[in-house]
Amino acid sequence: MTIGVGGSSREQALAALQDMTARVVPIALPEYRQRIASAQQRMRELGIGALYLHAGTSLNYFTGLQWHPSERMVGAIVPCRGEVQFIAPWFELGTVRDFMVLEGEVHSWHEHESPYQLLAGIMRGLQLDGGLVLAIDGSTPFFTVDGITKSCPEAQLIDARDVITWCRMCKSQAELALMQRAKDMTLAVHKAAASILHEGITTTEVQAFIQQAHRKVGASGSTFCIVLFGGATAFPHGVKEAQTLRTNDMVLIDTGCALHGYLSDITRTYVFGTPNERQRQVWNAEKAAQAAAFAAAQIGTCCGDVDIAVRKQLASDGFGPGYLLPGLPHRTGHGIGLDLHEAPYLVSSDDTPLAPGMCFSNEPMICVPGEFGVRLEDHFYMTKDGPRWFTAPCHSIDDPFGYVSHYSG
């Protein structure tokens, strides 16, 4: 089929979209309590006295408190035993308590006071197994870490990766359900965006439509969007200039949204018009590489081996080798959840064994400088029996959304 021919106006495409968030259930309080309990058990096993969670996704993951990080300290101390202790500016107490899901004591500081000294005092007052070993959330800014170091010099500060990543990388059924719905929403938006394409439309017009469309299907958080036409599709994250669509251009759209904090991230690449043989060759090689990643992703296999399998497949089709162009210049995929990119990663240097509940993008993009690029990005999650797609991969370059194959039975 030809993308854009006989398509919809923007108004028609938006009108056809419906809110898709009915019966969506956010993460409930018992799950936050279980996450804290799992972290504390892990901390005791590793000899860690306490965990500092900075404003951002890890604070949200463990406590349900959504707070944008800034120059003012908002966070939580999770002792290896006992209740979570929150830290926030005094003038924000009402707002913090309004946003809290997991309740706990909130220690506050005035603008002329040091939050780092407040944290140090809290630490000294806790009965901690193994002494003052404080694991720091990796997203904590340097100035905050420096302030903690100077205010509590007797504490040993370590990276919290072995606690936070260990807890976050395997998703619960509730998390998988939210991610599934978010991805279903974004796939519906992709189909709508393809329907409005016409010669002369600009990438900025398509981006504006996609923002509106995500709101129409019920996205509860910010959306992101990359739209590229023609030669600009050879750049994985785009170029600064907008492009105008011409017949037989390659089209690459990478977009996603948030649903109760959990993210989608799907890329579709197709031709506006009739694919030529070169476009078809590269597109088919990309589809084969994506399939190779999925086949290699088995329980117990290292994340890096998935990336290696993809590069072997691409080399057999004449791309690469390794990271060389034309070929795949970046990793095969990334973990996803509350962060768009989170550990573990499908890159050759990551030796993390695949385990049930892990979620990944599968996007081994082929970049052909001076011509175009093709990225097909879908996500899968690991079950005890192997990988399972959140969204079905593209059917073919002629029928990327599977319309013809669906109606032909």
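**Exercise 1.** In which sense do strand S2 and strand S3 pair, and over how many bridges?

*Solution.* Before we start, note that this is a predicted model, where local features need pLDDT of at least 70, side-chain atom pairs count only at pLDDT 80 or more, and totals for chains, interfaces and linings use all residues. Residues are numbered from 1 along each chain as its sequence is written, and side-chain values use heavy atoms, leaving out hydrogens and water.

Step 1: find S2 at residues 75–79 and S3 at residues 85–89. Strands are DSSP runs of E with at least two residues, and helices are runs of H or I with at least four, numbered from the N terminus.
Step 2: the two strands pair in the antiparallel sense over three bridges; pairing requires at least two bridges found by DSSP.
Step 3: look at Gly-75, whose bridge partner in S3 is Ile-87.

**Exercise 2.** Is Asp-307 buried or exposed, and which side chains make polar contacts with the side chain of Asp-307?

*Solution.* Step 1: locate Asp-307 in helix H11 (residues 303–316).
Step 1: Asp-307 has a relative accessible area of 0%, so Asp-307 is buried (under 20%; exposed is over 50%, partly exposed in between, with a 1.4 Å probe and protein chains only).
Step 2: the Asp-307 side chain makes polar contacts with the side chains of Arg-311 at 3.0 Å and Thr-332 at 2.6 Å. Such a contact is a pair of N or O atoms within 3.5 Å; within protein, one must be able to donate a hydrogen and the other to accept it, and residues adjacent in sequence count only if both atoms are side-chain atoms.
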